[in-house]
Amino acid sequence: ERLRGAGHGQGLRRGRAGPGGPRERAGAALLAAGYQELRERAAREPAAFWGALGREVLRWDSPYHTACDSQLGPDRVRWFLGGRLNVSVNCLDQHVHQSPDRVALIWEKDEPGTEVKITYRELLDMTCRLANTLKKYGVQKGDRVAIYMSVTPLAVAAMLACARIGAIHTVVFAGFSAESLAGRIIDSGCKAVITYNQGLRGGRAVELKKTVDEAVKNCPSIKHVFVAQRTDSTVHMGNRDIPLEEEMAKEAPVCAPESMDSEDILFMLYTSGSTGKPKGIVHTQAGYLLYAAHVFDYQQGDVFGCVADIGWITGHSYVVYGPLCNGGTSVLFESTPLYPDPGRYWETVQRLKINQFYGAPTAVRLLLKYGDKWVKKYDRSSLKTLGSVGEPINHEAWQWFYNVVGDSRCTLVDTWWQTETGGICIAPRPSEEGADVIPAMAMRPFFGIIPALMDENGRVIEGNDVSGALCIAQPWPGLARTIYGDHQRFIDTYFKMYPGYYFTGDGAYRSSEGYYQITGRMDDVINISGHRLGTAEIEDAMDEHPAVPETAVIGYPHEIKGEGAFAFIVLKEDTAHTERVKEELRSIVASKIAKYAVPDHVLVVKRLPKTRSGKIMRRVLKKIVTDQCNDLGDVTTLDDPSIVTEILDAYQKYKTQQSASS
């Protein structure tokens, strides 16, 4: 029932496409092929490859007549032309028809030990009632709906309810400020917001409704705010506020699904760029769902534990749409890795018997600081696959994740992909039987993903043991179609620099074996005395020091070398001999990379400035080092903006010390 890549890594579920005609048999034959044959077929004939899978995996209202009609470039790529389907039917109805009492979601609530299980029948009921409520208040096909909710079954139902009636959801992470929320609502022209009275995270209440109230003051397009109750706290209800659960209780648990064209918009998700306002990345129906259905070696009965928030693409693809399209059981993790203690993840693994665990390197490094005891306290024997997502994972974190968390027996996949790609593009699995997994390397392109490394003149770099700008050479179904309301920006950002290729914005190294290592964002490349060096490469080397769980390296102007490297490091608790650690770090970089790569400055800080999705905001560090603190740009996405003042104080003290010593 699935494509497993010789028994390893991500798997594809094989769905039903109706009576078993020649097309269905062709799809089944494709799924039975071996890894190497699949890889070659996907590269040689992408339309035929994905076309067969589309017929086999997805449930259609009307079959498509053309799998793909576009090449990568300024024109929109279009997949499954003429086809019509409904995503919520693919994620719910077909499984309710087969196994209505199968568990769809396990809600790991913020309060430990209080998980709630939701069956497919219950989730469909909730989705239909919510969909009917939206329709009652005037939400129609094509309308945009903002979802500002913590990670709960009702939030998933809100996404699926929008999909059911053809509305377009834009989920905004329930930690963003009112200003950030308002900006996204205004840009997308949302008609309604769905939220909670409050959220719960790490034992603390988050005032979601108050934030929405503040945001919608400046959003004339908003007609209604649907307010659900997560806590017992009462909140002010204004004229446009609708008590969601009360209204849902009045509605029927049946809602006829809207038949959607393959290329109709399913959702928008906003992502920050290096410049300008956040971009509303647009994903469409069929292509996105098919690509998101590639999940980690999932077998029926497994518990799939992706701990991402639904406000990010990882939550969309590998908490909601991918697992549910597969008829899987998906964990909704509402809490934090440190609440009530650093063992929360692993206690959850033990209690829920999680089989696949997908998390971020930033969380792994955070937990690494607390040692092994919190991991070994709990039974993790249910785990089969570990996944890493969000940024390249450094060697020390990889080894700890693999050896301690996974007991050196679980496959660990370091996955590279983006909001724009819809799903995983490079990962160690699937692969040939017995193929190696190289620590801290994404390694192998997924089926149909053809990477190309480009030089500064826009030419393809041939051969191995080379580095360049990472591009992708042919279209795949999960690729975003546009930036909402600004297709020219989409073209300029992703297709202008290297015509005929999708430019990822990342740099990569192709090893002598032909494997891919992500070296970091191209705007995080330092040119030291003519040597181009990814900051991630320096960070990876420094992170190998046992006393250093996290580092962030930025380039700064150097009067002799052009640019120098400035490193910010976080030390483990109770680390002594700070200066000795700094010298050891310099030695590590010199030996791992080269002497020219050694940072000129190493500053110890308590914390690094991170977005709420866990990514380090290096541009803030660069502004501090280059004395541009009066123009830090948008810092509303920082998890804790007070970190900026904390780091600035440490930097000023460091500068004073440097001046005194010179």
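**Close-up views of a predicted model**

**View 1. Surroundings of T66.** T66 touches W79, F80 and L81, leaving aside residues up to four places away in sequence. The model shown here and in every view below is predicted. T66 belongs to strand β3, which covers residues 66-68. The side chain of T66 also makes a polar contact with the side chain of H65, at 2.8 Å. T66 is partly exposed, with a relative accessible area of 27%. K653 is 587 residues away from T66 along the chain, and the C-alpha atoms of the two are separated by 64 Å.

View 2. An unreviewed UniProt entry places the feature "domain: Acetyl-coenzyme A synthetase N-terminal" at residues 35-91. In the model, the end C-alpha atoms of residues 35-91 lie 27 Å apart. That span is 47% helix and 14% strand. For "transmembrane region", the unreviewed UniProt entry lists residues 145-167. Here the end C-alpha atoms of residues 145-167 lie 7 Å apart. The span 145-167 is 57% helix and 17% strand.

**View 3. Cysteines without disulfides.** How many disulfides does a search of the whole structure find? The search finds zero. C325 is in no disulfide either; the nearest cysteine sulfur, that of C91, is 5.3 Å away. A disulfide needs the two sulfur atoms within 2.5 Å. C162 is buried, at 0% relative accessible area. C325 also counts as buried, at 1% relative accessibility.

**View 4. The largest nonpolar core.** In soluble globular proteins, nonpolar side chains tend to be buried together. The largest nonpolar core in this model has 136 residues. Those with the most contacts inside this core are L130, I194, Y321 and L324. Helix α6, residues 153-165, gives the core its largest share, 11 residues.

**View 5. Contacts of Y321.** Neighbours within four places in sequence are left aside here. The contacts of Y321 include V87 and C91. M159, L160 and A163 are also in contact with Y321. Further contacts of Y321 include H169, L266, F267, Y288, L289 and H316. Y321 is one of the residues with the most contacts inside the largest nonpolar core.

**View 6. An open sheet of eight strands.** The strand order is β14-β13-β10-β8-β9-β16-β17-β28, and the pairing is mixed. Which strands stand at the edges? They are β14 (241-243) and β28 (482-483). Each has a single partner strand, so one side of each is left without a neighbour in the sheet. Strands β8 (residues 144-148) and β9 (residues 168-171) run parallel and are joined by four bridges. I147 stands opposite V171 in β9.

**View 7. K582 in helix α18.** Helix α18 covers residues 578-592 and holds K582. Is K582 buried or exposed? K582 is buried, with a relative accessible area of 10%. K582 touches V602 and V604, not counting residues up to four places away in sequence.

**View 8. Two cis peptide bonds.** Most residues other than glycine have a negative phi, and most peptide bonds are trans. The bond joining Y339 and P340 is cis, with omega about 0°. P340 sits in the loop between β20 (329-333) and α12 (344-352). The peptide bond from R429 to P430 is also cis, with omega near 5°. P430 is in the loop between β24 (426-427) and β25 (444-445).

View 9. D407 is not a glycine, yet its phi is positive, about 55°. D407 lies in the loop between α15 (395-405) and β23 (411-414). At 38% relative accessibility, D407 counts as partly exposed. D627 has a positive phi near 55° and is likewise a residue other than glycine. The loop between α19 (618-625) and α20 (642-661) holds D627. D627 is exposed, with a relative accessible area of 51%.

Notes. Residues numbered from 1 in each chain as written. Predicted model: local features only at pLDDT ≥ 70, side-chain atom pairs only at ≥ 80, totals over all residues. Heavy atoms only, no water. Buried < 20%, exposed > 50% of the residue type's maximum accessible area, 1.4 Å probe, protein only. Contact = heavy atoms within 4.5 Å. Polar contact = N/O pair within 3.5 Å; in protein donor to acceptor, adjacent residues only side chain to side chain. UniProt positions renumbered as here; feature names shortened; annotations may be inferred. Core = buried A, V, L, I, M, F, W, Y, C linked by side-chain atoms within 4.5 Å. Pairing = 2+ DSSP bridges.
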